[in-house]
Amino acid sequence: MNTFTFNTTKSIICEPGVCKRLGDLVKDQIGKKIFFVTDPGLVDLGLINPALDSLTQAGVTFEVFSDVVADPPASIVEDACAKARALDIDGVIGFGGGSSMDVAKLVALMVGSGEKLDDIYGVNMVKGKRLPLIQIPTTAGTGSEVTPISIITVGATEKKGVVAPALLPDIALLDAELTLGLPANITAATGVDAMVHAIEAYTSTSANNNPVSRVLACEALRLLGDNIMRVVTNPGDIDARSNMLLGSTLAGQAFANSPVAAVHALAYPLGGIYHIPHGLSNALVLPHVMAFNAPNCLDEYSALAPCIFPQLAEISDPKERVDQLITQIAQLSKDLGLQTTLREMNIGEDALATLASEAMKQTRLLVNNPREVDEQAALEIYRSAF
């Protein structure tokens, strides 16, 4: 066994309706002045109201920052930090999808430590300590509530990451009631995103790939595979929603310690250039990257197959089992109602070379892939997804 380090969020509370007692948790563990980071859609839906009511009832004062957008640019992080610094806050709450939670992480860190964003891009560049941080996911997908990673858009399209244990929050609140109103397409795409996290964590060639991450990845895929169609076809199923949220968190813990690879590397240009939501970007390239990787990780994919699709345990030949796994992964996206080709996303064939070139910038991720991906290989994967 290789030596490894496993870090995760200090406390995870999985309880439908837990946001209704958020105020007491905050007052007891963080303080009485909070910077609340979210997005305008959740404000308009009123989804933040129970959480804010609980804060008010507990005597906690707060400032809501709701300017977060998908694929948040560095300018939004800087704006949020400036507003938070002016308030002399005790801590930060991130409420929403991965974008809101990623911004919240950086606000807690930069306000707490005084560090500048340009100085902390990359792995373990963070030197200081953050303010107390609670993360509350409203989608079952990103796992950001248990990852030491924040992804920011730099310039027009490039994605950069800040990766450091200091970004891990103090508390993750998994409240399945918050996911009940999600549209089917978002439920589906974020669910596939979580599956990608688990698959890539299990097969990562990172030196820190470890038994804990692999066990978490398997259990995540079991929960996600059993429940993803249930939540899309029966969105009010609170048990299925809870299982998806927990599956997403377990997958987040797995890839936080055994990092993701080429699926994410090839998905990022789709989000950066075409603003395709991250979960859907992953879903679009997932089966094609898996087909490319299969010769190098046949045993790993074969082991994962029954976690997602239990009936595949009946196939004894590893290659046949993996072929069926990739076929069924592709079919799952169709059954969930997701777009499955780049053509459907109005991406022209003449854009594929640019996508391949942009993907090569994701060296932090590509180094973890079980098969080397050069620019020509990336181009061929995009062509197969076209």
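Axes here are lines fitted to C-alpha atoms, for helices over the stretch in contact, with angles running from 0 to 180 degrees between N-to-C directions. Helices (H or I, at least four residues) are DSSP runs numbered from the N terminus. The model is predicted, so local features need pLDDT of at least 70 and side-chain atom pairs count only at pLDDT 80 or more, while totals for chains, interfaces and linings use all residues. Residues are numbered from 1 along each chain as its sequence is written, and side-chain values use heavy atoms, leaving out hydrogens and water.

Select helix α6 (residues 184-203) together with α7: the two pack at about 160 degrees, their axes 9 Å apart. That angle makes α6 roughly antiparallel (over 145 degrees) to α7. The crossing of α6 past α7 is left-handed (the near helix is turned anticlockwise from the far one by less than a right angle).

Next, display the side chains in contact (heavy atoms within 4.5 Å). Among them are Ala184, Gly191 and Tyr202 in α6, and Arg214, Leu224 and Val232 in α7. This contact comprises 16 nonpolar residues, two polar and one charged (Ala, Val, Leu, Ile, Met, Phe, Trp, Tyr, Cys and Pro count as nonpolar, Asp, Glu, Lys and Arg as charged, and the others, Gly among them, as polar).

Move on to α7 (residues 211-233) and α8 (residues 238-257), whose axes come within 8 Å and cross at roughly 150 degrees. α7 is therefore roughly antiparallel to α8. Their contact holds 13 nonpolar, seven polar and four charged residues.

Finally, select arginine 371 and phenylalanine 292: the charged end of the arginine sits over the ring, 4.1 Å from its centre (CZ of Arg within 6 Å of the ring centre and within 35 degrees of the ring normal).

Definitions and conventions:
Parallel < 35°, antiparallel > 145°, perpendicular 65-115°, else oblique.
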